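Biologist: I would like a close look at a single part of this structure. Please keep the description plain.

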Amino acid sequence: MGKVTGFMEYERVEEGYEPVPQRVKNYKEFVIGLNNEQAKVQGARCMDCGTPFCNSGCPVNNIIPDFNDLVYRGDWRNAITVLHSTNNFPEFTGRICPAPCEAACTLNVNDDPVGIKSIEHAIIDRAWAEGWVKPQPPKAKTGKKVAVVGSGPAGMAAAQQLARAGHDVTVFEKNSRIGGLLRYGIPDFKMEKSHIDRRIAQMEAEGVVFRTGVLVGHLPEGSKVTNDATKIVSADELKASFDAIVLTGGAEASRDLPVPGRQLDGVHFAMEFLPQQNKVIAGDKVKGQIMATGKHVIVIGGGDTGSDCVGTSNRHGAASVTQFELMPQPPEEENRPLTWPYWPYKLRTSSSHEEGCERTFAIATKEFIAGTGKDKGRVVGLKTVQVEWQGGKMIEVPGSEKEWKADLVLLAMGFTNPVGTILEAFGVDKDNRGNARATTDGTASYKTNVDKVFAAGDMRRGQSLVVWAIREGRQAARAVDEFLMGSSTLPR
């Protein structure tokens, strides 16, 4: 694959970034992708390693050595064919996937891995530019009707596959635009929403019908989940009208922090803050937008969602941004002999961190401090304590208490499960984490306990990566096709 000696001759080349002072002035993507020659050289680094661990490291099992080799040889048209054979939306993963494939790369044992993600990014961007991405309508219709509830990456993947198999597919989305957490959870500076819009147009040409602003079931009273619905459809209505239903909603129930002062104004879930900014960029009206402008912002949670809050706060013009992480600081370099080919435990610094952020590890929040006078009822600070982890237990460090100034606190500690009322509306059994109970094994894969109701993506597996959602959507589509037709030619 590639050039036999390429991995010894060429160094890894990273994608570039626009300078920080320039990119924080707007919400546009700032990654500078590889040009054709750079992508060819990176493809040349792919080793003929015999057992390509990158394939199994990738949740959608991209055929990575093959498209690396095709790029090296200049056969971009076949490269996108190979890439699309396993991944419906490589423009999503090529931008926001953390690239577990690169962690699994054989070259990563003792060198820099092949830049697989950057090559994928280059392939799909060129394919769109060249007009190679076209609708693939079915040759014949089956007469079967499928409802997909939720329009995130799992729902979009399932809908596209099922439409291509000839089924009449309708996607139900409670918000005003398609994309789920891709649309409302990921900032535009990481992925502009025009990429979703292009796929929507392709899928509509393939026969998919999108119904936005429609809530299936109901949300719990006082829910903070983003919801623009103007119409409600019951689970019974869907079961009566469709031959199969696929539940693909996201894990939207945010993990809370029930400490004194949680009710104060200025303490918000990340998923109250981030969707509002995405809506503003899309031209939607947002009443009472949460702004970080001129404020001392503290983000509680050290993952990707927290990083997105950091980048958005910097673009708002925050006075300062601090990010808390409960766990201790990871090592800067992973122990490769111990972790390869699995996802390594190491310190990760995002582009948002580089734009300006103080990071504090092994710290727990004890209380939110209320203001007085004109700030009465608002958060003005918080109290913390440093912690140590011993035998898997968290122990507070005596004398490490500290008060921090904070005008805005964003809770970005992950998500616990999908909204339970949606599953309850259909009568779907839940597992012990609150997700839909559905196996991926055997002939009943992705099927729930309710007849003709399937579940995939975050709805089934809980909070996860976009690439896992695409995988589950594709596999659930095959399971539904088999259920409806007795067999399926859709890929596993």
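Which strands does helix H20 lie across, and at about how many degrees to E8 does helix H20 run?

Modeller: This is a predicted model. Helix H20, residues 466-485, lies across E3, E8 and E20, and its direction is at about 165 degrees to that of E8. These strands belong to an open sheet of five, ordered E5-E4-E3-E8-E20, with parallel pairing. Strand E5 (209-212) and strand E20 (453-455) are the edges, each pairing on one side only. On average, neighbouring strands of the sheet are turned by 20 degrees against each other, direction ignored. Another helix, H10 (residues 153-164), also packs on the sheet, where H10 touches strand E3 (145-149), E4 and strand E8 (244-247). The direction of H10 makes about 165 degrees with that of E4. Strand E4, residues 168-173, runs parallel to E5 and is joined to E5 by four bridges. In this pairing, Phe 172 stands opposite Arg 211 in E5.

The search of the whole structure gives seven aromatic pairs. One of the pairs is Phe 454 with Phe 483: the ring centres are 5.5 Å apart and the planes are at 70 degrees. Planes over 60 degrees apart count as edge-to-face, so this pair is edge-to-face. Because Phe 454 lies in strand E20 and Phe 483 in helix H20, the pair ties together parts that are 29 residues apart in sequence. Phe 454 is buried, at 2% relative accessible area, whereas Phe 483 is partly exposed, at 35%.

Methods: Residues numbered from 1 in each chain as written. Predicted model: local features only at pLDDT ≥ 70, side-chain atom pairs only at ≥ 80, totals over all residues. Heavy atoms only, no water. Pairing = 2+ DSSP bridges. Helix = DSSP H or I, 4+ residues; strand = E, 2+ residues; numbered from the N terminus. Axes fitted to C-alpha atoms, helices over the stretch in contact; angles between N-to-C directions. Contact = heavy atoms within 4.5 Å. Phe/Tyr/Trp six-rings, centres within 6.5 Å; stacked < 30°, edge-to-face > 60°. Buried < 20%, exposed > 50% of the residue type's maximum accessible area, 1.4 Å probe, protein only.
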